[in-house]
Amino acid sequence: TIRKPKVIVTRKLPDIIETRMMELFDCELNLADDAFTRDQMLDAVKRAEILVPTVTDRIDRDIINAAGENLKMIASFGTGVDHLDFPATRKKGIIVTNTPDVLTEDTADMTMALILAVPRRLVEGEQLVRDGKWTGWSPTGMLGHRIWGKRLGIIGMGRIGTAVARRAKGFGLSVHYHNRNRVPEEVEKDLEATFWSSLDQMIAHMDILSINCPHTPATYHLLNSRRLGLMKSHAYIVNTSRGEVIDEAALVKSLSQNQIAGAGLDVYEKEPEINPKLIKLSNVVLLPHMGSATIEGRIAMGERVIINIKTWVDGHNPPDRVIDTMF
Ligand code: 8YV
């Protein structure tokens, strides 16, 4: 007989993925799609051999420690892994996997959408039409700022940052980046990208900043009030990575005092809570963490989860194993 591991999935996933998981594993689904309560999570880690959580599940040390000996693997549905406590999983020898690559292009598309939407006042314009307040074309109506020819500074030149750079080049932006490591010379050349070893220096020279680094202890509040203060007053900031990378209170202050021109945000410090002051600002575009939200992408993410689990069950090293000393 084929061994079927006990898999507990914490959120509703695409039907096609759930069906496949039920065939392959001894699988418990969450058909309600309410995030697990803490008690439900504690119960799940005690019974599961493999847990499939998402970004909304905070799997902290207490939860990992409460897990019995049977929890062997956390196959997370998503790329970011900042909701997982790595010291605790490492100590217990629990294998962690994520779903990179498959959401890179979708997230880069959404980043580009925000880069266009904020300076060109897309949402304000649309609102004007919907509110019946548009009185017709005028030479000075709804003027925004052009983006082509401007300098885009990408913070975090990994998979998503690089995909943003490719798009930005096509839109006529000049690409700049800051990263822990310089990317290979041929990639830099191809993107016509300029590396800045000093984040502060880069921030001070950019027209648009895009946050594309993960949230780690090292990047928590990377954009704090001091660094936001380095931005030019006509500059914009876009974040499709994690809210925690920007000090949200400091950002609200910069925006309200017109120290920067605007922001496009897909992620927040305390999702789904949004700072009420942000909602009152007209120079921001606010999205509900939908950077990777495509039907195709979600199915591909589910397929990655399945491959990771199957590979481990078959006794091999799963392709998306996260062994990162950053956490
Ligand atoms: C996912 C994300 O939708 O993958 C990530 O890191 O932030 C989102 O795009 C989410 O993580 C699903 O769990």
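Residues are numbered from 1 along each chain as its sequence is written. Because the model is predicted, local features need pLDDT of at least 70 and side-chain atom pairs count only at pLDDT 80 or more, whereas totals for chains, interfaces and linings use all residues.

The domain assignment of the protein gives domain 1 (6-101 + 295-313) and domain 2 (104-286), with bounds that come from an automatic or database domain assignment. The C-alpha centres of domain 1 and domain 2 lie 31 Å apart. Five residues of domain 1 are in contact with seven residues of domain 2, two residues being in contact if their C-beta atoms, placed from the backbone, lie within 7 Å. On the side of domain 1 that touches domain 2, one residue is nonpolar, two are polar and two are charged; here Ala, Val, Leu, Ile, Met, Phe, Trp, Tyr, Cys and Pro count as nonpolar, Asp, Glu, Lys and Arg as charged, and the others, Gly among them, as polar.

According to the unreviewed UniProt entry, the annotation "domain: D-isomer specific 2-hydroxyacid dehydrogenase NAD-binding" covers residues 112-291; UniProt positions are given in the numbering used here, feature names are shortened, and annotations may be inferred rather than shown by experiment. Over residues 112-291 the chain is 33% helix and 15% strand, and the end C-alpha atoms are 10 Å apart. Helices (H or I, at least four residues) and strands (E, at least two) are DSSP runs, numbered from the N terminus.

The ligand is surrounded by Thr54, Val55, Phe77, Gly78, Thr79, Gly80, Leu103, Gly291 and Ser292, a residue being near a molecule if its C-beta atom, placed from the backbone, lies within 6 Å of it. This shell consists of three nonpolar and six polar residues, with no charged residue.

In helix H2 (residues 38-47), Met41, Ala44 and Val45 are buried, a term that requires 20 or more other C-beta atoms within 10 Å of the residue's own, while exposed means 12 or fewer and partly exposed in between, with C-beta atoms placed from the backbone. These three residues lie on the same side of H2 because they cover an arc of only 90° around the axis, the arc being that of the directions from the helix axis to the C-beta atoms. Their cover includes strand S1 (6-9), strand S3 (50-52) and helix H3 (61-66).

In helix H11 (residues 248-256), the buried residues are Glu248, Leu251, Ser254 and Leu255; they cover an arc of only 115° around the axis and are therefore on the same side of H11. The buried residues of H11 pack against H10, strand S11 (262-265) and strand S12 (284-286). Just after H11, Asn258 takes a positive phi of about 55°.

Trp312 lies in helix H13 (residues 295-313) and counts as buried because it has 20 C-beta neighbours inside 10 Å. Leaving aside neighbours within four places in sequence, Trp312 is in contact with Met73, Ile95 and Pro318. Trp312 and Lys72 are 240 residues apart in sequence and 9.9 Å apart in space, C-alpha to C-alpha.

Val123, in helix H6 (residues 122-130), is partly exposed because 16 other C-beta atoms lie within 10 Å. Apart from residues up to four places away in sequence, Val123 touches Ala117 and Val285. His221 is found in the loop between strand S9 (208-211) and helix H10 (225-228), and the C-alpha atoms of His221 and Gly243, 22 residues apart along the chain, are separated by 8.8 Å.
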